Amino acid sequence: MRVGLFLAIWLAGCAVTDQEYPQAWSPLPPSATADCARFAGSYADRGETAGTGAEPSLTYGLFGHHSAWKEARRVELALPAEGVLHVTAWDEGKPLFTRTLSARAGEFECKDGALVVRSRRWVAADVVAGREDVTIEFSQADASLVAHVRESTYGALFAVVPIAGTATHWYRFARLAR
């Protein structure tokens, strides 16, 4: 009986959201090269998602709540050496922070011409605490950086009610001329 009650409470805290690629967007072309050099450049930090007026933040997606994402206006990606990705978040005129990601540490990879960035982070708020695993697979279509975001979150609500959820979203961010 106790196991059944525990499972009912556990499953009540589970959620799954899986967004399909937006049909109104240009199709994702196959990658012409196996490397990721074409992703180097500047992108608007605020993007779009289909069907809503939401403006997702690229900085938030990459680094989470405990970053300067609210002030970010653009994100610069640089691949200065094999296995190294520099990500710089900018406000209107100055850099907010730069993070260096390592392929060797599993933080990113270039997979069949797609740039894949992984992040694991703790989430803590007034009523919820937990662990969030985020994988973002970047592609390019037209003049946009297209992000396929997969999130898995495990934690507790009010420190006692377990919760778990997975979500898949599609976002795109305009490439900026710089």
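Modeller: What follows goes from the overall fold to the core, and then to one strand and some charged pairs.

This is a predicted model, so please keep in mind that local features need pLDDT of at least 70 and side-chain atom pairs count only at pLDDT 80 or more, while totals for chains, interfaces and linings use all residues. Residues are numbered from 1 along each chain as its sequence is written, and side-chain values use heavy atoms, with hydrogens and water left out.

Let's begin with the fold. The protein chain has two helices and ten strands (DSSP runs numbered from the N terminus: H or I of at least four residues, E of at least two). Of the 178 residues, 37% are buried (under 20% relative accessible area with a 1.4 Å probe, protein chains only; exposed is over 50%, partly exposed in between). Among contacts (heavy atoms within 4.5 Å) with a separation of 6 or more, 52% join residues 24 or more positions apart.

Now for the part you asked about. The largest nonpolar core has 25 residues (buried Ala, Val, Leu, Ile, Met, Phe, Trp, Tyr and Cys joined through side-chain atoms within 4.5 Å). L62, L115 and F138 have the most contacts inside this core. Which elements give two or more residues to the core? One helix is on the list, helix 2 (58-63), together with strand 3 (74-81), strand 4 (84-90), strand 5 (95-102), strand 7 (114-124), strand 8 (128-141), strand 9 (144-157) and strand 10 (161-176).

Setting aside neighbours within four places in sequence, L62 is in contact with V75, V87, V117, S119, R121, I136 and F138.

From there, move to strand 9, where you will find L157. L157 is partly exposed, at 28% relative accessible area. Beyond residues up to four places away, L157 touches V127, V128 and I163. The C-alpha atom of L157 is separated by 8.8 Å from that of G130, although the two residues are 27 apart along the chain.

The structure holds nine salt bridges (a Lys or Arg side-chain nitrogen within 4 Å of an Asp or Glu carboxyl oxygen). In one of them R150 pairs with E137, with the closest N and O atoms 3.7 Å apart. This pair links distant parts of the chain, since R150 is in strand 9 and E137 in strand 8, 13 residues apart. R150 is partly exposed at 33%, and E137 is partly exposed at 27%.

Another salt bridge joins the side chains of E92 and R73, at 3.6 Å from N to O. E92 sits in the loop between strand 4 and strand 5 and R73 in the loop between helix 2 and strand 3, so this pair ties together parts that are 19 residues apart in sequence. E92 is exposed, at 68%, while R73 is partly exposed, at 38%.

Finally, have a look at D91 and K94, whose side chains meet in a salt bridge of 2.9 Å, N to O. D91 counts as buried at 18% relative accessibility, whereas K94 is partly exposed at 49%.
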